Amino acid sequence: MASSDQAGDEPALLFGERLPMAVAYAAVRQQTEELAAPLSPEDQCLQSMPDASPVKWHLAHTSWFFETFVLKAFAPDCRPFDARFDYLFNSYYEAAGPRHPRAARGILSRPSSAVVHAYRAHVDSAMRALLEARPPQAVIDITTLGLRHEEQHQELILMDIKHLFSLNSLDPAYAATDPFEGVRLGSKEPKWRRHTGGLVEIGAAENSFSFDNERPRHKVWLEPFLLADRLVTNGEYLAFIADGGYSRPDLWLSDGWALAASEGWRAPLYWRSDNGGGWRIFTLAGEQALDPQAPVLHVSYYEADAFARWAGTKWRGARLPTEAEWEIAAITGPDAYMGGAWVWTQSPYTPYPGFKAEAGALGEYNGKFMCNQMVLRGGSAATPRSHATPTYRNFYPPAARWAFSGIRLARDV
């Protein structure tokens, strides 16, 4: 976090504007409520797979974060809403105590959605009082982390409800329009932007908020490279499918080939055959015709890597970028590289040189996941605008498909 001349006065950055922390807190919390508003209590209670969570759980867990890490430490006179929630809504913080099994969150019919919203109101009232009382800098720092944490869960709410609704034969729509409807890339060949490489610096600076996995800033050597000026489209991915992309083991990593075969993958998640040789796609606005000029979404790392190998015959040497290549390109031209879809990189999620996890339970936020994950960069059309930055490191296991993940290609010079 940036330093502040006077404790409690540091403004929070929200959608490109500096706001008092209490105002920023209220805005982020309200946005989460608005995301949940179209959903019935029944919708909010269900869990479609172990990696997803009920919307009700997201609403409660983000409140648990503020109650546990801010209010208990800095507002000891604030009574807990319900001490049993410590067990129900802890996600993975071992140091904070035992927790309800992740895969069984969908059995929690109680507390009701109404009680969860009352819990949020209780936490918000106490947080508002604390933030308006000129708290110490530690409160500002942890609250800022909590807001960025809640923004992560805002995108997770959309990811998880989309997966849930896709399994319902009624094809329910979350909203009248899909947040990705305005993202169209055209049908022209991508342009390849040259970057000189050399000894570059990546990672977050110390004078603004960043997650611990974005630090420390450090030097990396890059050979000259080319990066496509746009994401891969549905139309281009259709060509990969038509050329036997899912039946050619020479294109796939061994683990990916075995997984695709065992789960019967023949297209990205949410693509559906229209029984006439074409494809339709399930979106947050329900099932729609597949738009060939939209970016391909919901591909795993294995699928992205296989597509890149296949595309290498069309665009000489095409491959997935490293996260350092992507970051250097995004810093020099953020409008061209940020948003649309999270981009799989070929970089494993490992600590930066000199990385040190934060002390205490908050040190579990990122560091303990630095194994068996791949880095994604850039943000999607469902990512809060203030959340995605050129140095932000998202990460998922290589088999994950329910994230808003896509493909951008790189090439050696």
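Two strands count as paired if DSSP finds at least two bridges between them. Keep that in mind as we walk through this structure, which is a predicted model.

Let's start with strand 11 and its partners. Strand 11 and strand 12 (residues 394-396) are joined by 3 bridges and pair in the antiparallel sense. Within that pairing, Met 374 sits opposite Tyr 396 of strand 12. Strand 11 also pairs with strand 10 (residues 342-348), again in the antiparallel sense and over 3 bridges. Here you'll find Val 343 facing Arg 377 of strand 11. So what about the two faces of strand 11, which covers residues 374-377: are they covered or open? Both are covered, with Met 374 and Leu 376 buried on one side and Val 375 and Arg 377 buried on the other.

Next, have a look at an open sheet made of 3 strands, in the order 3-6-14, with antiparallel pairing. Why is one side of strand 3 and of strand 14 left without a neighbour in the sheet? Strand 3 (192-195) and strand 14 (410-412) stand at the edges and have a single partner strand each, so there is nothing beside them in the sheet on one side. From one strand to the next, the twist averages 25°. If you zoom in on strand 3 and strand 6 (residues 225-228), you'll see that they run antiparallel and are joined by 4 bridges. Arg 194 is a handy landmark there, as it stands opposite Leu 226 in strand 6.

Strand 7 pairs with strand 8 (residues 279-283) over 3 bridges, in the antiparallel sense, and Ser 273 stands opposite Trp 279 in strand 8. The two strands make a hairpin with 5 residues between them, where Asn 275 takes a positive phi near 70°. Moving on, strand 8 and strand 9 run antiparallel and are joined by 4 bridges. They form a hairpin as well, with 2 residues between the strands. To find this pairing in the model, look for Thr 283, whose bridge partner in strand 9 is Gly 286.

Which residues of helix 7 (residues 234-242) are buried? They are Asn 234, Glu 236, Tyr 237, Phe 240 and Ile 241. Looking down the axis of helix 7, you'd see these buried residues fall within an arc of 160°, so they line one face of the helix. What they pack against is strand 7 (271-273) and helix 9 (301-311). Just after helix 7 comes Gly 244, which takes a positive phi of about 80°.

Between strand 9 and helix 9 there is a loop, and that's where Gln 293 has its place. Is Gln 293 buried or partly exposed? Its relative accessibility is 24%, so Gln 293 counts as partly exposed; buried would mean under 20%. Setting aside its neighbours within four places in sequence, Gln 293 is in contact with Arg 184, Leu 185, Gly 186, Ser 187 and Thr 233. Asp 86, on the other hand, is 207 residues from Gln 293 in sequence and 46 Å from it in space, C-alpha to C-alpha.

Finally, let's turn to a pair of helices. Helix 1 (residues 21-36) packs with helix 5 (residues 113-131) at an angle of about 170°, and their axes are 10 Å apart. That's why helix 1 and helix 5 are described as roughly antiparallel to each other, a label used for angles over 145 degrees. On the helix 1 side, the contact involves Met 21, Ala 22, Tyr 25, Arg 29, Thr 32 and Glu 33. They meet His 117, Arg 120, Val 123, Asp 124, Met 127 and Leu 131 of helix 5. Sorted by class, this contact has 6 nonpolar, 2 polar and 4 charged residues.

Conventions
Residues numbered from 1 in each chain as written. Predicted model: local features only at pLDDT ≥ 70, side-chain atom pairs only at ≥ 80, totals over all residues. Heavy atoms only, no water. Axes fitted to C-alpha atoms, helices over the stretch in contact; angles between N-to-C directions. Buried < 20%, exposed > 50% of the residue type's maximum accessible area, 1.4 Å probe, protein only. Arc of directions from axis to C-beta. Contact = heavy atoms within 4.5 Å. Parallel < 35°, antiparallel > 145°, perpendicular 65-115°, else oblique. Nonpolar A, V, L, I, M, F, W, Y, C, P; charged D, E, K, R; others polar.
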